[in-house]
Amino acid sequence: MFVDSVDIFIASGKGGAGAVSFRREKFVLQGGPDGGDGGDGGDVYVEVDNNADTLSKFRGVRHYKAKNGQPGASKRCHGKRGADISIKVPLGTQILDFDTQELICDMNTYPKRTLLLKGGKGGLGNAHFKNATNQAPTYAQSGKSAQERHIQLELKLIADVGLVGYPNVGKSTLISVLSNAKPRVADYEFTTLVPNLGVVNVGDYRSFVVADIPGIIEGASEGKGLGLAFLKHIERTAMLLLVLDVAREQDIASQFEHLRQELYNFSSHLAARPFGIVLSKSDTQGADSMHEVFAHFVELFPHFHIENDVAIAPKIQDNTLRDNALPRFILPISSATNYHIAELKTLLAKNL
C-alpha cells in the first residue's frame with residue numbers, strides 16, 4: 001500500500017537521577033560524598049532511508065521513544081546514557097508539527113540525518129555539592145524530563161518532470177514507454193491510484209526522473225477525484241508535462257485551460273513552473289485530421305514556429321517566456337507506435 005501522509009508521536013529519553021551516596025570503607029574516616037551523575041536521555045533523530053519509498057510502516061506503530069538515562073551510583077559511578085532512536089523515512093519526506101503545520105525539516109537529500117528531540121540531561125550526584133560549609137550534602141539533582149512532540153510526515157516524491165492530465169489520457173502508457181517503469185495500464189479512468197516514478201535515459205550519459213500521478217478532473221483543487229491528494233508529489237519537479245488526449249470528447253483547448261486552472265487553484269507556484277504539452281493518442285486520428293487539430297491548437301500561442309510537427313516556443317528577448325505563461329514546446333505523440341517518443345526525450349532533457 002502506498003502511504004504518503006502519517007502522524008506519529010515521538011519522545012526523547014529522560015535524564016537519569018544523580019545518586020546520594022557516601023564513601024564507607026574500612027580505615028577511611030569521613031570518606032565524604034561519592035554519588036555519581038545520572039546518564040543523559042537518548043535523542044530522537046530522523047534520517048533518510050534510500051531503500052524506502054512509502055510511509056506504510058508507520059501505520060502500525062505510531063509511538064517512538066528513546067531510552068531513559070540510568071541513575072548514578074556510589075563510588076562516583078555515572079549512569080548509562082539512554083540509547084538514541086533513529087526514525088528512517090523515504091527521500092523527499094517533510095517533517096511538520098502536527099498542531100501548527102510548521103515545517104521542522106525537509107529530508108530532500110541523501111544522506112541526511114537531523115536531530116528532532118534532545119534527550120534530558122542527567123542529574124548531578126551529591127559529590128558535586130560538597131563545599132567548605134557543607135561537607136556532607138544529602139541531596140542530588142534529578143534528571144531533566146523528556147521532550148515530546150506530535151509530528152506529521154508528508155512524503156513528496158522527488159522527480160524532474162511531472163505528468164499532468166485527465167484520467168485515461170495515456171500518462172501511464174507514456175511513462176512505460178519513456179522508461180522501464182511498469183505502471184498499471186487499462187482502458188478505464190483512474191487506473192493509476194498511486195504515483196509512479198520512471199528513469200528516462202537520454203543517450204549514454206544523461207538521465208532524468210519522470211513522475212506520473214493519478215488523473216486530475218475538474219474540481220480536483222476542491223477535493224474531487226484523486227488528483228488533489230497527489231498533486232503535492234509534483235511540487236518538487238523542475239518541469240511539468242501536460243498530456244492532452246486528442247481522442248477525448250472534450251477538445252484539447254478546453255483540457256489545457258482546465259488543467260492550468262486546477263494547477264493554479266492548488267498552488268500558484270506550481271502553476272508558474274515551466275511546462276511542455278504533448279497531444280496523446282495521435283495514432284487514433286488520420287494524418288490530415290491530426291495535422292489540422294495540431295495546427296489549430298498551436299494558433300492559440302502566437303509566434304510559435306512548427307518544424308517537423310513540433311511547435312517550439314519563440315526565442316524572445318523580454319521576460320514573456322520566463323514567467324512560464326507559454327509552453328516550451330507542443331508535440332503530437334503516440335505511445336502505442338512510439339511516434340515522436342525519441343523527440344520528446346530530447347526536448348525534455350533540453351528544457352530541464
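A polar contact is a pair of N or O atoms within 3.5 Å, where, within protein, one atom must be able to donate a hydrogen and the other to accept it. In this predicted model, the side chains of Q152 and Q101 make such a contact at 3.1 Å.

- Q152 lies in strand β8, which spans residues 148-155.
- Because its relative accessibility is 12%, and buried means under 20%, Q152 counts as buried.
- Leaving aside residues up to four places away in sequence, Q152 touches S5, V6, D7, Q94, I95, L96, F98 and Q101.

**Aromatic pairs**
- The count of aromatic pairs comes to seven.
- One of these is formed by F58 and Y64, an edge-to-face pair with 5.9 Å centre to centre and 65° between the planes.
- F58 and Y64 are both buried.
- The ring centres of F297 and F301 are 5.5 Å apart and their planes stand at 75°, so this pair is edge-to-face; the angle for that class is over 60 degrees.
- F297 and F301 are each buried.
- Ring pairs join F297 and F301 with F256, F275 and F304 in a cluster.

**Charge over a ring**
- The charged end of R113 is positioned over the ring of Y45, at 3.9 Å from the ring centre.

Technical notes
Residues are numbered from 1 along each chain as its sequence is written. This is a predicted model: local features need pLDDT of at least 70, side-chain atom pairs count only at pLDDT 80 or more; totals for chains, interfaces and linings use all residues. Side-chain values use heavy atoms; hydrogens and water are left out. Helices (H or I, at least four residues) and strands (E, at least two) are DSSP runs, numbered from the N terminus. Buried means under 20% relative accessible area, exposed over 50%, partly exposed in between (1.4 Å probe, protein chains only). Contact means heavy atoms within 4.5 Å. Rings of Phe, Tyr and Trp (its six-membered ring) pair if their centres lie within 6.5 Å; planes under 30 degrees apart count as stacked, over 60 as edge-to-face and the rest as tilted. A charge sits over a ring if NZ of Lys or CZ of Arg is within 6 Å of the ring centre and within 35 degrees of the ring normal.
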